[in-house]
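Subject: Structure handover

Hello,

My notes come after it.

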Amino acid sequence: MSPLAATATPIASTAAGFLLTLAAVTLGYLGVCWVRPFRRCRRCHGTGRRPGLILRTGRTCRRCDGTGEHLRPGRTALNYLRELHDKSNR
Ligand SMILES: [Zn+2]
């Protein structure tokens, strides 16, 4: 009997477990992106205003354009894929 035969099954089960975990995490993230497409802006902490550098007067956050929310990267990818799908069906 080959000494490698005993190690073949645990490697395969480890790889399968890793792939299942990766699939579960990906599907969970896509579910979050579907239910809550927006997240709070990290730069202005959801306020939509940023302090100015010199006068300390409030100015509109450039990252979120003053909305205080930002589209999640996963939702951006889903929107892009949906747009590709809609264009291909025309
Ligand atoms: Zn912002």
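The notes below run from the overall shape to single residues.

This is a predicted model, in which local features need pLDDT of at least 70 and side-chain atom pairs count only at pLDDT 80 or more, while totals for chains, interfaces and linings use all residues. Residues are numbered from 1 along each chain as its sequence is written.

On confidence: pLDDT is the predictor's confidence in each residue, from 0 to 100. The chain has a mean pLDDT of 87, and 90% of its residues reach 70 or more.

The C-alpha trace spans about 80 × 45 × 20 Å along its principal axes. Helices (H or I, at least four residues) and strands (E, at least two) are DSSP runs, numbered from the N terminus.

Burial: 7% of the 90 residues count as buried (20 or more other C-beta atoms within 10 Å of the residue's own; exposed is 12 or fewer, partly exposed is in between, and C-beta atoms are placed from the backbone). Helix 2 (residues 73-88) has zero buried residues out of 16, so it lies largely in the open.

Cysteine 33, in helix 1 (residues 5-35), is buried, with 20 other C-beta atoms within 10 Å. Leaving aside neighbours within four places in sequence, cysteine 33 is in contact (C-beta atoms, placed from the backbone, within 7 Å) with Arg72, Gly74, Arg75 and Leu78. Arginine 72 is 39 residues from cysteine 33 in sequence, but the two are 6.7 Å apart in space, C-alpha to C-alpha.

Histidine 45, not a glycine, has a positive phi of about 60 degrees; it sits in the loop between strand 1 and strand 2 (49-51) and is exposed, with 12 other C-beta atoms within 10 Å. Aspartate 65 also has a positive phi, near 55 degrees. Its loop runs between strand 3 (58-60) and strand 4 (69-71), and aspartate 65 counts as exposed, with 12 C-beta neighbours inside 10 Å.

Regards

Definitions and conventions. Two residues are in contact if their C-beta atoms, placed from the backbone, lie within 7 Å. The expected span of a helix is 1.5 Å times one less than its number of residues.
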